[in-house]
Amino acid sequence: MWLAVDIDGVLGDHVLHLIEYLKDKGVLDSGFTKDNIDRWDSLIGGKGFKEVFEAHLFDREFVLGIPVIEGAVEAIRRLRGVYKVLIVTARPRYAYGSTMEWLKRNGFEFDRFEIDVGDERVNLGVDILIDDNPYTILDFVRSGGLGIIFTQPWNKSLEYNPNDMVGRLVRFDKWGDIVDYLLNLRGF
Ligand SMILES: [Mg+2]
């Protein structure tokens, strides 16, 4: 059984990293926090978050500095005992080298890696998706998969009609709880 895991907002705390970086540069004031990014289309420094983040992905040192979300490495290691793990990201292809280096340096082990995969995650042929993007996860669940939404300020207001769901949607905010849930699902 295949499990796909998103990188930004799930394995790595990219929003926190970008905020701290922009504070150091004097672009953001010191009172700006992750909770200010409370919608998928939130602005940062007056610009769209995605545009600003992708501009910084050209900077290898910036990418390598993204902190790992607590428990993520150990979680993927344990889940890999029971699932095949696909690491997936919407990052542009130019970030392939630095992203792969970040995964390796932090000790992530996986069976497959796909970059530049945004909304097409329904076509990956996986059974389960762990993601922080409220729209991607809903599309995946509607396609019949089991979606696990990793709670972040920008997906807390996710709204959906349960009758619209073909698969299942569950929400967690800690990696330890996701591991317990997914191992239990396979009878462990
Ligand atoms: Mg993400």
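Domain bounds in these legends come from an automatic or database domain assignment. The model shown is predicted.

**View 1. Two domains share one chain.** Domain 1 covers 2-13 + 68-185 and domain 2 covers 14-64. Their C-alpha centres are 21 Å apart. Contact involves 18 residues of domain 1 and 17 residues of domain 2. On the domain 1 side, helix H5 (96-105) and helix H6 (134-142) are the elements giving two or more residues. H5 supplies the largest share, five residues. By type, this side of domain 1 holds eight nonpolar, five polar and five charged residues.

**View 2. Serine 98 in helix H5.** Serine 98 is part of H5. Which residues does serine 98 touch, leaving out those up to four places away in sequence? They are Arg60, Val63 and Leu64. Is serine 98 buried or partly exposed? It has 19 other C-beta atoms within 10 Å. A buried residue needs 20 or more, so serine 98 counts as partly exposed. Serine 98 and lysine 25 are separated by 73 residues in sequence and by 22 Å in space, C-alpha to C-alpha.

View 3. Strands of a sheet pair through backbone hydrogen bonds, either parallel or antiparallel. Here the pairing is parallel, and the strand order is S5-S4-S1-S6-S7-S8. S5 and strand S8 (168-172) form the edges, each pairing on one side only. On average, neighbouring strands are turned by 20° against each other, direction ignored.

View 4. Strand S4 spans residues 84-88. Four of its five residues are buried, so S4 is largely enclosed by the rest of the structure. Strand S1 (residues 2-6) runs parallel to S4 and is joined to it by five bridges. Within that pair, leucine 3 is opposite valine 85 of S4. S4 also pairs with strand S5 (residues 112-114), in the parallel sense, over three bridges. There, isoleucine 87 faces phenylalanine 113 of S5. The chain passes from S4 through H5 to S5 in a right-handed β-α-β crossover.

View 5. Aspartate 116 sits in the loop between S5 and S6. Its phi is near 65°, a positive value in a residue other than glycine. How many other C-beta atoms lie within 10 Å of aspartate 116? The count is 14, and aspartate 116 is partly exposed.

**View 6. Strand S7, covered on both faces.** Five of the five residues of S7 are buried. Leu146, Ile148 and Phe150 are on one side. Gly147 and Ile149 are on the other. Strand S6 (residues 128-131) runs parallel to S7, and four bridges join the two. Leucine 129 has glycine 147 of S7 as its bridge partner. On S8, glycine 147 is partnered by leucine 169. Glycine 147 therefore has a bridge partner in each flanking strand, as strands count as paired where DSSP finds at least two bridges. Strand S7 (residues 146-150) and S8 run parallel, joined by five bridges. Leucine 146 stands opposite arginine 168 of S8.

**View 7. Helix H6 against the sheet.** S6, H6 and S7 form a right-handed β-α-β unit. Which residues of H6 are buried? Thr136, Ile137, Leu138, Phe140 and Val141 are. The buried residues of H6 pack against S6, S7 and S8. An α-helix has 3.6 residues a turn, so residues three or four places apart point the same way. H6 also gives two or more residues to the side of domain 1 that touches domain 2. Just past the end of H6, glycine 144 has a positive phi of about 110°.

Conventions. Residues numbered from 1 in each chain as written. Predicted model: local features only at pLDDT ≥ 70, side-chain atom pairs only at ≥ 80, totals over all residues. Contact = placed C-beta atoms within 7 Å. Nonpolar A, V, L, I, M, F, W, Y, C, P; charged D, E, K, R; others polar. Buried ≥ 20, exposed ≤ 12 C-beta atoms within 10 Å, placed from the backbone. Right-handed = clockwise from strand over helix to strand, strands pointing away. Axes fitted to C-alpha atoms, helices over the stretch in contact; angles between N-to-C directions.
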